[in-house]
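User: I have a few quick things to ask about this structure. Can we go through them one by one?
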Amino acid sequence: MVDKKRVVILGAGFGGLLTALTLARKNYNGEIVLVDVRDHHTYSPWLYEVATGFISHGGALAGIIMRNSASFSIREIIKPYQQLRFRQGLVNALEIHDQYVVFEDGHTLRYDQLVVSLGSEPEFYNIEGLADHALMLKTVPEALMVRDRIDDLVKKLENSEYKLGRIVIGGAGATGVETASELVNSINCHCEKLKLCHGKIEVTLLEAGPNVLGPFPSVLQKWALK
C-alpha cells in the first residue's frame with residue numbers, strides 16, 4: 001500500500017488558509033496539514049473596526065464582541081473537510097533535505113510538499129522611537145489595545161483631565177485610511193451622545209508619499225482624499 005502524499009502548510013493567514021481550503025475542495029488525494037501558532041484565523045481587513053469601535057464603559061462584554069468580529073476558529077473553518085487537519089504549534093526549524101518540520105516542543109512533522117505562508121511583520125522604516133512607542137494594528141490583541149487607549153483618552157477628555165487629544169495614524173494605505181475615517185465617525189457618534197468632548201480630539205493621517213491609497217487607481221485616490 002502506497003502512503004498518501006502529505007502537504008504541510010505553514011501559516012493560517014489568507015494565503016495559507018485559502019491554499020488549504022482550495023486543495024480540500026478540489027478533493028486532493030492525500031493529507032493536508034495546516035499549521036499555525038494560533039488556533040484562530042484573523043480577518044485583518046476588519047481590525048480597524050475592532051480598533052475604532054470603542055464603547056465607553058462597555059466593559060469586558062464589549063471587548064469580547066469586538067474580538068469575535070475579526071477572529072474565527074481554524075478548526076471550525078476546516079471541519080467539513082476530512083483530509084484537512086490543523087496542527088497548532090510554533091515552528092522552530094525546517095529540515096529541507098529530509099523534508100520535515102521541527103516544532104518548538106521538539107515534535108516533528110514529515111511533508112511531501114511544503115507551503116510557507118507565515119505572513120509579515122510591521123515595517124518601521126528606521127524611524128527612531130516608532131517601534132518602542134507606536135501602537136501596532138496587526139493582530140486582534142493589538143486592535144483591542146488601540147481601542148482601549150482611545151476609550152481611555154475619551155474618558156480623560158470627558159473628565160477634563162486633558163484639554164485636547166491628538167491621535168496620529170501613520171500610513172495612508174487601505175488600513176490607515178479606513179482606520180482614520182472610522183475613528184472620526186466613532187468619535188463623532190460618541191461625542192454627540194455625551195456632548196462632552198466635541199472639538200477636543202484631532203485625528204491626523206500621515207503619509208510619506210504624495211497620495212492616499214497609493215496602490216489603488218487615481219480616481220479612487222482622489223475620492224478618498226476628498
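User: Which residue lies over the face of phenylalanine 103?
Analyst: Arginine 87 does, at 3.9 Å from the ring centre. Keep in mind that this is a predicted model.

User: OK, aromatics next. How many aromatic pairs does a search of the whole structure find?
Analyst: Three. One of them joins tyrosine 43 and tryptophan 46: the ring centres are 4.7 Å apart and the planes meet at 70°, so this pair is edge-to-face.

User: How do you describe a ring pair in general, what do you need?
Analyst: The distance of the centres and the angle of the planes.

User: Back to tryptophan 46. What is its relative accessible area?
Analyst: Tryptophan 46 has 36%, so partly exposed. Tyrosine 43 also counts as partly exposed, at 28%.

User: And how are the rings of tryptophan 46 and phenylalanine 72 arranged?
Analyst: Their centres are 6.3 Å apart with planes at 55°, so that pair is tilted. Tryptophan 46 sits in the loop between β3 (40–42) and α2 (47–52), while phenylalanine 72 is in strand β4 (residues 71–73), so the pair ties together parts 26 residues apart in sequence. Phenylalanine 72 is partly exposed, with 33% relative accessibility.

User: Which residues do ring pairs link into a cluster?
Analyst: Phe14, Tyr43, Trp46 and Phe72.

User: Switching to sheets. What is the strand order in the open sheet of three strands?
Analyst: β6-β7-β8, with antiparallel pairing. β6 (91–95) and β8 (108–110) are the edge strands, each with a single partner, so one side of each has no neighbour in the sheet. From one strand to the next, the twist averages 20°.

User: How many bridges join β7 to β8?
Analyst: Three bridges join strand β7 (residues 100–103) to β8. As for facing residues, valine 101 stands opposite leucine 109 in β8.

User: Now helix α6. How far apart are its end C-alpha atoms?
Analyst: 27 Å. The helix covers residues 140–158, and its 19 residues should span 27 Å at 1.5 Å a residue, so the two agree.

User: Which residues of α6 are buried?
Analyst: The list includes Val140, Ala143, Leu144, Arg147, Ile150, Asp151, Val154 and Glu158.

User: Why do residues three or four places apart point the same way in an α-helix?
Analyst: Because an α-helix has 3.6 residues a turn.

User: Last one. What is the phi of serine 160, positive or negative?
Analyst: Positive, near 65°. Serine 160 follows α6.

Key: Residues numbered from 1 in each chain as written. Predicted model: local features only at pLDDT ≥ 70, side-chain atom pairs only at ≥ 80, totals over all residues. Heavy atoms only, no water. Phe/Tyr/Trp six-rings, centres within 6.5 Å; stacked < 30°, edge-to-face > 60°. Buried < 20%, exposed > 50% of the residue type's maximum accessible area, 1.4 Å probe, protein only. Helix = DSSP H or I, 4+ residues; strand = E, 2+ residues; numbered from the N terminus. Lys NZ or Arg CZ within 6 Å of the ring centre and 35° of its normal. Expected span 1.5 Å × (residues − 1). Pairing = 2+ DSSP bridges. Axes fitted to C-alpha atoms, helices over the stretch in contact; angles between N-to-C directions.
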